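Welcome, and please take a look at the model below.

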Amino acid sequence: MSFDPQFLPLLAAMVLVSFATRAGGFWLMKFVPASPAVEAALKATPIAVMVGIVAPAAARGSHGEIAALAVIFVAMKVIGNDIAAAILGVATVAIVRFLMS
Amino acid sequence: MEKTRKSQYASPMEKADSATFSSAGVIRGFTRGQPLAVTAFVYGLAFGLLSKDVGLSALEAVLMSASVYSGSAQLAALTAMDDATPWISASPWVVALIILVVNARYLLYGATLRPWLGQARPIQAYGTLFVLGDGNWIQSMNAHRAGEQDAGYVLGSGLAMFLGWLSGTLIGSLAGAFVSDPSLLGLDFFLVAFCAAAGIAMFDGKEDIAVVAGAAIASLGVSLVVSGGWAIIAAGVVGAAIAYARVKRAGYLS
């Protein structure tokens, strides 16, 4: 467990930037007056972000990823638990990659 | 629509009552966050292992995991200090810029938490934001949509993942070789899988179709041009803009 003092500037830069991205959006919204339209925009953002994470991955994915997304869709309709569905999806990717490697 | 208007014009007293920040909420989030903690732990193992390759000690790797707490950003930062350039030669500015670009999506996450977490005390809110991650943000927003009012939930689920991430980093760095390549176990796919599942759970039918379609087009378009986090940001901004415009237009019509 060694610690090199030269690591400190690097660590400081990483802490500052990381916290700035986490706190920045929250802090800025203090200055945006609440309105029904702003509320609707904030409420729609999570699902839009999820699409932004899934859609490019699906587009560049190969058999494993596509099969996994299908498994996740069925799992959500049948069991309805998001974490269980995600784990089944990960397992599907692992199995397909294993079979095709 | 009716609901948002109502909360908008609620009296300050009502507002304080409708959202709380209690230890019960923290515990609830921590408990529900356990499955996410396991995945963070396994991903942390992989990061701990890779951090050894650039010459970081276990302590340095854990400090990096505690300060950055983002798998995608940390793995990207490691590329700025690969074998050819051990971390000592890595510029803090370059590493900071990489983290900023990869983690810019957190700006959106924080913004969406304002109406809920903004009712907690600043120290609670900013402490919660320190341990905000993709997984627990998605889980928390889903829980909030399903009626969770206690903002402690966000802190609890964040802490669960944070601890998994730190312990994974430590063990990966010390013990190494459990997971030589996370992609063999499909772990690189976990975030996508969880987003797909949570998105299906969150999908509200008619109201979300335009948002989802706009976000899909935006993210696919952007991902053709640049890789990384920009597609996510584009999706979030376009989705928010569509919802904003719809309410504005409805306001003018009525």
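Helices (H or I, at least four residues) and strands (E, at least two) are DSSP runs, numbered from the N terminus. By that rule, chain B has 14 helices and zero strands. This is a predicted model, in which local features need pLDDT of at least 70 and side-chain atom pairs count only at pLDDT 80 or more, while totals for chains, interfaces and linings use all residues. Residues are numbered from 1 along each chain as its sequence is written, chains are lettered from A in the order in which they are written, and side-chain values use heavy atoms, with hydrogens and water left out.

**Chain B as a whole**
- Of the 254 residues in chain B, 52% are buried (under 20% relative accessible area, with exposed over 50% and partly exposed in between; 1.4 Å probe, protein chains only).
- Among the contacts in chain B with a separation of 6 or more, 78% join residues 24 or more positions apart; contact means heavy atoms within 4.5 Å.
- Chain B has an accessible surface of about 11300 Å², and carbon and sulfur atoms hold 69% of that surface (Shrake-Rupley method with a 1.4 Å probe; for residues, only the protein chains shown count as cover).

- The size of an interface is often given as the accessible area lost when the parts come together.
- Here chain B and chain A bury about 6700 Å² between them, with 79% of it on carbon and sulfur atoms; the value is the accessible area (1.4 Å probe) that two parts lose on being put together, summed over both.
- Within chain B, Arg114(B), Tyr126(B) and Phe189(B) lose the most area to chain A, together 10% of what that side buries.
- Helix α12 (residues 190-202) of chain B gives the largest share of the side that touches chain A, namely 13 residues.
- In contact terms, 94 residues of chain B meet 67 residues of chain A.
- There are zero salt bridges between chain B and chain A (a side-chain nitrogen of Lys or Arg within 4 Å of a carboxyl oxygen of Asp or Glu).

- Tyr69(B) sits in the loop between α5 (58-68) and α6 (71-79) of chain B.
- Its phi is near 50 degrees, a positive value in a residue other than glycine.
- Tyr69(B) counts as buried because its relative accessibility is 5%.

- Ile79(A) lies in the loop between α3 and α4 (82-100) of chain A.
- Ile79(A) counts as exposed because its relative accessibility is 51%.
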